[in-house]
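I opened the model and kept notes as I went. The entries cover helix faces, aromatic pairs and pockets.

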Amino acid sequence: MPELPEVEALRDFLTEHLVGHEIVRVLPVAISVLKTYDPPLTALEGHEVTAVHRHGKFLDLETAGGPRLVTHLARAGWLHWKDRLPSGMPRPGKGPLALRVALETGEGFDLTEAGTQKRLAVYVVQDPQQVPGIARLGPDPLADDFDEARLAALLKGERRQLKGALRDQSLIAGVGNAYSDEILHAAKMSPFKPTSSLTPEDITTLFQALRSTLTDALSRTRGLAAARLKSEKKSGLRVHGRTGAPCPVCGDTIRDVSFADSSLQYCPTCQTAGKPLADRRMSRLLK
């Protein structure tokens, strides 16, 4: 799933390639991705793109005098830039293509989604706050006003595991499964650590890990073409998706905990005092 660093890199890429150009055609291929119907997709046509924004994991294309095109790529969605779009109308079917946006230059992009769980979402709205997922977003962890005090205030009173808190978009916007694993590894904290047990020193450590993990990822993705972002994300991860590999910090074997539709990865030596995490049904450390 694209998370804050990849979506921010896509925002930069689209700013360079879209701003100042006119949308001449928006072609829905998989109607299921369209979550709004008024204004229609055709309301975007004939309008110039004036800015591209990011809200958490959402991309927001602003147009002059027209509505906005907002999308969430979900777990298996992606954006493919085309220097020259194929001629003719794309055919609905079982392929991954979900939406095509064409510019007056003949350039444009496709939104695709792999797999059978179709969660890619597209909205046409006058105000991004009309998108429910955006309206409920918490603060952006890379915002100038996001500091240790803000993080402490957000976690105060929370009664849950740290991994879940970091992934909660209404608490902190943009962090998903992969970067929450990376942040916790950098902070040397268990994903099952209760938020209620965090000390002021823990907050400092967690804040530094949060900011450094995301800014490092951003630095690796800056200036990359959209097609290269997935591979760059994977190559930069130290624990997530690396079950069975040696930890790059201590050399211990990276382990995982599997859930119904996801999994987490961690290093026992770095994060759980050498103890393996319990089965997901127990949701606590084995002692």
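**Entry 1: helix α3.** I began with what covers the buried residues of α3, and found α4 and α6 (200–221) among the elements that do. Contact here means heavy atoms within 4.5 Å. Before going further I noted the ground rules: this is a predicted model, local features need pLDDT of at least 70, side-chain atom pairs count only at pLDDT 80 or more, and totals for chains, interfaces and linings use all residues. Residues are numbered from 1 along each chain as its sequence is written, and side-chain values use heavy atoms, with hydrogens and water left out.

Helices (H or I, at least four residues) and strands (E, at least two) are DSSP runs, numbered from the N terminus. I then asked which residues of α3 (residues 148–155) are buried. They are Leu151, Leu154 and Leu155. Buried means under 20% relative accessible area, exposed over 50%, and partly exposed in between, with a 1.4 Å probe and protein chains only. The arc is taken over the directions from the helix axis to the C-beta atoms. Ala149 and Ala153, on the other side of α3, are exposed. Just after α3, I found Gly157 with a positive phi of about 85°.

**Entry 2: helix α7.** I ran the same check on α7. Leu229, Glu232 and Lys233 are buried there. Their arc around the axis is only 100°, which puts them on the same side of α7. Ser231, Lys234 and Ser235 are exposed on the other side. The buried residues of α7 pack against α1, β5, α5 and α6.

**Entry 3: aromatic pairs.** How many aromatic pairs does the structure hold? I found two. Rings of Phe, Tyr and Trp (its six-membered ring) pair if their centres lie within 6.5 Å; planes under 30 degrees apart count as stacked, over 60 as edge-to-face and the rest as tilted.

Phe13 and Trp81 are edge-to-face, at 5.9 Å centre to centre with 80° between the planes. Phe13 is in helix α1 (residues 4–18) and Trp81 in strand β5, so I logged a link between distant parts of the chain, 68 residues apart. Both Phe13 and Trp81 are buried.

Phe146 and Phe207 are stacked, at 6.3 Å centre to centre with 20° between the planes. Phe146 lies in the loop between α2 (132–135) and α3, and Phe207 in helix α6, so this pair ties together parts that are 61 residues apart in sequence. Phe146 and Phe207 are buried too.

**Entry 4: pockets.** On a 1 Å grid over the protein atoms alone, a pocket is an open set of points where a 1.4 Å probe fits, with protein on both sides within 12 Å along at least five of seven lines; lining residues have an atom within 4 Å of a point. The largest pocket has a volume of about 970 Å³. A volume is the space filled by probe spheres set on the points, which are joined across faces, edges and corners.

I counted 38 lining residues for the largest pocket, with Met1, Lys57, Arg75, Arg167 and Asn177 nearest its centre. Elements giving two or more residues to this lining include β5 (77–82), α5 (177–187) and α7 (229–236). The lining divides into 15 nonpolar, eleven polar and twelve charged residues. Ala, Val, Leu, Ile, Met, Phe, Trp, Tyr, Cys and Pro count as nonpolar, Asp, Glu, Lys and Arg as charged, and the others, Gly among them, as polar.

The second largest pocket has a volume of about 190 Å³. Its lining has 13 residues, and Leu85, Pro86, Ser87, Gly88 and Ala102 lie nearest its centre.
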